[in-house]
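Morning, everyone. Let me put the model on the screen, and then we'll walk through it.

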Amino acid sequence: MGKEKYITLKEVSVGYDGQSVLKDISFELYSGELICLLGANGKGKSTLLKTLMGILPDLSGEILLKGKALANFSAEEKAKEMAVVLTDSLRDVAMKAKDVVATGRYPYLSWKGKLKQEDEAIIETSLSKVGALEYADRWMSDLSDGERQRVILARALAQQTDVLLLDEPTAFLDLAHTMELSVLLKKFSREEGKSIIMSTHDWATALQIADRVFWIDKSSQFHILETEALKKGGKMNEMLNSPFGKWNSDKGRFELLIDN
Amino acid sequence: MNKTVYRILLMTLLLVLIFIADILLGSVTIPLSDFFEYLKGNDWSHPSYEAIIFEYRLPKALTACFAGSALAVSGLLMQSFFRNPLAGPYVLGISSGASLGVALLLLLFSGTFLFSVPLAACIGSLFVLISMIWASKRFRSSVSLLILGLMISYLTGALVGVLQYFSKSEEIQSFVLWGLGSFAKTQWTDLQMMLPVLVLGLVFAYSRSKALNSLLLGASYAQSLGVSIKSIRRQLLYLVGILVAWVTAYCGPIAFLGMAVPHLVRLWVEESDHKITIPLVALTGACIALLCDMIAQAPGFDMVLPINSITSLFGAPFVIYYLLKKNRLG
């Protein structure tokens with residue numbers, strides 16, 4: 001399929017209450033592309049994602065969604081283009097898994113919020129895509145972290161958007177579930193042409209699934225890096241900047257420096 | 001969906017039965033056969049029965065019904081909005097705020113006019129609600145919010161105490177009587193003003209079901225689904241403020257009903273969809289209020305117990321039980 005430009009940022013600054021956290025970000029995001037957003041905590045990963053979601057207003061610059069200014073989208077229109085996975089684990093939400101996924105259909109429903117047969121089918125497909133169909137009728141609080149994260153991802157899928165924004169979706173997950181989620185996301189971007197941006201601290205996974213890496217360094221500079229180039233070069237060690245480990249570009253993996 | 005219709009029908013039937021029981025039972029017990037005879041167009045077996053029913057018990061039962069519904073639905077809305085299972089009009093001090101408004105009116109300006117009591121109650125309840133919304137952004141834990149609600153109740157209680165100290169004894173008496181809570185003080189003319197507001201409020205609450213469901217996921221998720229947080233927050237603020245104030249103005253503060261009924265419903269139906277829970281909570285609230293009213297006017301006794309004591313008697317242990325148990329809905 002041809003590549004379509006989904007999101008365009010031109011010299012955008014993001015932040016809270018007029019205080020910018022990140023300045024002059026420019027990038028283009030295409031269909032079928034998976035981006036990993038790396039950087040230390042408090043450097044603006046969540047702020048950038050929230051601005052893209054339209055939850056926070058941008059401070060300056062221009063954000064385009066499919067060629068149209070993001071600010072000109074109504075809240076409902078935006079909800080049909082972009083779905084989100086936030087850091088909230090939704091453990092304390094008094095809802096059943098399938099009702100959580102059903103909220104993904106809300107942008108398409110009238111004020112009455114009545115699900116049509118078609119919506120029910122989409123909810124079921126979304127649950128089965130992430131392998132969560134068997135516990136659709138269970139309460140969120142009764143699920144494990146891994147199971148809950150599948151449900152939360154299914155909710156975003158049910159929204160049937162071209163863009164998917166995820167804020168540290170693997171934070172609560174063990175290794176097996178992290179791998180599962182990563183593979184699923186890669187599949188959605190490849191097979192369904194979704195544009196995905198996920199923030200993460202998991203560099204090793206990022207290098208395997210990301211088409212490009214967006215990196216926010218210690219002085220809040222925004223860098224765009226091609227994953228393949230990153231794997232080969234010495235840039236990785238500069239980014240890592242840790243006395244306890246290094247990137248071995250020959251073996252293509254991180255190594256701990258235990259004996260030094 | 002069929003299950004929901006069946007449940008709503010069941011609760012409606014139960015409500016009708018309790019309603020009839022409530023208007024027949026009391027210090028004077030009216031035989032059920034009389035009621036059926038009356039439906040057929042015959043006279044009551046005793047001439048005073050008609051007056052007892054139409055001038056006293058029917059307005060009282062209607063008041064209980066709608067006050068119970070309104071408080072219970074307010075409780076549900078607050079629990080969804082604050083994402084806190086212990087939220088409710090009484091526990092978060094909203095009823096106390098309304099009381100303070102009424103106290104200021106009754107004790108400072110002893111005269112009242114049309115709508116002045118509900119309006120004073122509204123100002124008081126909105127004032128507390130706005131404070132609680134402000135506070136909820138700063139407190140994460142549900143228990144802190146609960147303690148703040150209690151403190152607000154104490155504060156308003158203290159202010160009312162000071163007001164009472166400087167008031168004439170007749171004014172104090174009318175305020176104290178009001179504060180005990182009663183469904184029996186409303187005349188037909190009061191109902192004409194009370195019921196339309198409550199009915200509109202309940203319908204409006206139901207129309208917000210979809211946004212309320214999204215709010216269960218938290219403000220950010222709701223926003224990502226196209227809900228305008230600012231406008232839904234404002235709508236719920238006024239809705240809950242007016243519902244609670246209207247009930248409080250006509251019936252006095254009624255404890256725990258708003259908090260407890262949504263939990264009773266959740267114990268029964270495992271649903272979180274407000275399209276289902278709002279009607280069920282409204283019907284259950286009406287039933288519970290009528291049951292409390294029946295206990296208050298227990299047959300064989302010549303007096304009527306204060307409603308507030310009865311709802312507290314059941315409500316407070318319920319909260320304690322809930323805190324101890326803290327089941328999965330917590």
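**Helices, core and contact**

Start just after helix α1 of chain A: Gly54(A) there takes a positive phi of about 85 degrees. A word on provenance: this is a predicted model, where local features need pLDDT of at least 70, side-chain atom pairs count only at pLDDT 80 or more, and totals for chains, interfaces and linings use all residues. Residues are numbered from 1 along each chain as its sequence is written, and chains are lettered from A and ligands numbered from 1 in the order in which they are written. Helices are DSSP runs of H or I with at least four residues, numbered from the N terminus.

Back to α1(A), residues 45–53. Is it mostly covered or mostly open? Mostly covered: seven of its nine residues are buried. Buried means 20 or more other C-beta atoms within 10 Å of the residue's own, with C-beta atoms placed from the backbone. Among the buried ones are Lys45(A), Lys50(A) and Met53(A).

Next, the core. A nonpolar core is a set of buried Ala, Val, Leu, Ile, Met, Phe, Trp, Tyr and Cys residues joined through C-beta atoms within 7 Å. The largest one has 167 residues; Leu165(A), Ala67(B), Val73(B), Val102(B) and Val247(B) touch the most other members. Helix α3 of chain B, residues 48–82, gives the largest share, 16 residues.

Now Val102(B). Beyond four places in sequence, its contacts (C-beta atoms within 7 Å) are Val117(B), Ala120(B), Ala121(B), Trp178(B) and Ala249(B).

In chain B, α4 (residues 94–108) packs on α11 (residues 229–251) at about 55 degrees, axes 9 Å apart. Axes are lines fitted to C-alpha atoms over the stretch in contact, and angles run from 0 to 180 degrees between N-to-C directions. That angle makes α4(B) oblique to α11(B). Oblique is whatever remains after under 35 degrees (roughly parallel), over 145 (roughly antiparallel) and 65 to 115 (roughly perpendicular). On the α4(B) side, Ile94(B) and Val102(B) are among the residues that meet α11(B). Their contact has six nonpolar, three polar and no charged residues.

Last, between chains: 20 residues from chain B and 25 from chain A make the contact. On the chain B side, α9 (209–215) and α10 (219–224) are the elements giving two or more residues.

Notes: Buried ≥ 20, exposed ≤ 12 C-beta atoms within 10 Å, placed from the backbone. Contact = placed C-beta atoms within 7 Å. Nonpolar A, V, L, I, M, F, W, Y, C, P; charged D, E, K, R; others polar.
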